[in-house]
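Q: Please take a close look at a single part of this model, and then relate that part to other regions of the chain.

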Amino acid sequence: MSLSTAALLNSNGFFPPSLDRDQVRQRVWELETGKVGFYSVGLYPASLAYNCAMQQKDEENLLLAPRPDRELLGAFTQSALDGMDPKHVAVMERMGSHRVGGVRQPNTLADLLKRCELVVLSANSNHVEEDLIEAIQLRDQLGRQHVVLACLAGSFSHDNLINESYVLCEKVPSLGFFSGFHRHGALRNPLDSFTANFCHPNALTALLGARMLDRLSPNIQVSAGVHNIEGQYIKAAKNMSSVFAGFGYAYHQDNPGVLPTLLTLLLDQCLDQAATVSMARRNRQRLYNRQPFALTELGYGVQRIEAALVRGGDMEKVRDHTFAQLTAMVADVRGSMMLPVSGTPTRNFHAGQVLAEHMLDEKRCPHSMEELENWCEQAGLRKGGLEGLKSLRYWPQIVRKYAIPVHDASMVNLLYMAIYGNSTTKDVAFSVMTESRELSNYCQESVRPTHSRRYAEALQNLDQPEAMDLLVNAVIADNARRLIRDDNGIEEQDTADEPPAYLKAMNVIENAL
């Protein structure tokens, strides 16, 4: 997507810029009875629609539109279709079509924009950007500029022309984002329920959009949030972490002691990375200072939750953790990294299990991402739906773009090296990932910030007295050690001991990323 095209979405709210109270009042009532549309009906939106069909007598709240030349229920396996109630399936088919001359025709994206007030572009990251461009153009052509657009893609986007990867909501800041923990089978269980968040940088738009989504089914509770960029980043990071979690459960099932540490670190690092992304967002000041009402009224305990770091004797704000109050998204991270008591795990978790099985059999890491994707295809996982593996492909660019600290991403870094590293790096990664003691040590040590970064920053700021003093003291200390060695006639001895695998992995990652 070009920046010029993204700029077309400079307004993505429910209300026109009017000060007429009667007009605003009328619009509020329109939204109260407004419909939600899901375009591109994959496994998740179709499962959500089935849940709504089970729970709601009023089937008019939700409309569906499959992609051209796609079947409305094409994402389900035949066994899943066989287990569905034909009455509920008939309701879904009515959600996905309309009558033309007495004959039912499949809904299109244009139909959703005409009849809905909120349209969720629910394709994965392979198609969501082209869908967004089409939706913006159609919305203008139809004179429906105040239909709010949102997405739920859980992977990083990539611009092939400039070879840049990014979070789509960061490139298009006014785009809404919808997400929550779910398992597709659970959504077809009439007794199960789940929570979700609808995020938009304008608190009022977030509140109204969440209400519309919350009305779809009594089993789906949707809360509002303003952190769309952070939410989408968490989703992408979660999908990568879920692959590692699936690997951990499968490979270390006989060594369960390492799992609590592994899973805790994966969760914490998802949030820590999103905090770094939050500090870099372009509309950060507007997010907090130009809202129609305080974020505490939206459900946030405080306006901001920020951490601080001591640098040169000064306290510097470095992270915003307000988004950690997006309970449904944090639950999504936790749930996606758990082996369910019943049913199947998420697709990314399953991909991690497949990785573990083949690494156990082959006694090596995959030769390439293509080999891993082939393993997944053989296990019945379509690679197009494995957002975690796609995100991993763009990981180095994301690390550089958002300046993600190495110690906040050590687990994803290790997974990346196991798939994309050279043969020597893969051997090191294999040792760390497959040996319980090495993995535990890596989890313990890799979260410590590297001291070398302190000196690298000093070299870039020699005009500051504190930076110069730091380097001068280091040189004097080094010279003093050398003089002592010379005076005592002690020669340095080379150690023959090989460093452990987890230290090798940390060194490789710090140098490469």
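A: Leucine 459 belongs to helix α21 (residues 452-459), where helices are DSSP runs of H or I with at least four residues, numbered from the N terminus. The model is predicted, so local features need pLDDT of at least 70 and side-chain atom pairs count only at pLDDT 80 or more, whereas totals for chains, interfaces and linings use all residues. Residues are numbered from 1 along each chain as its sequence is written, and side-chain values use heavy atoms, with hydrogens and water left out.

Leucine 459 has a relative accessible area of 56% and is therefore exposed (exposed means over 50%, buried under 20%, partly exposed in between; 1.4 Å probe, protein chains only). Together with Leu462, Met468, Val472 and Ile476, Leu459 forms a nonpolar surface patch of about 440 Å² accessible area. The areas come from the Shrake-Rupley method with a 1.4 Å probe, and only the protein chains shown count as cover. Helix α22 (residues 465-488) gives the most to this patch, with 3 residues.

Histidine 252, in the loop between α10 (228-251) and α11 (259-280), is buried because its relative accessible area is 0%. Beyond its neighbours within four places in sequence, histidine 252 has contacts (heavy atoms within 4.5 Å) that include Met433, Glu435 and Leu439.

Key: Helix = DSSP H or I, 4+ residues; strand = E, 2+ residues; numbered from the N terminus. Patch = residues over 30% accessible without salt bridge, like charges linked within 9 Å, V, L, I, M, F, W, Y side chains within 5 Å. Salt bridge = Lys/Arg side-chain N within 4 Å of Asp/Glu carboxyl O.
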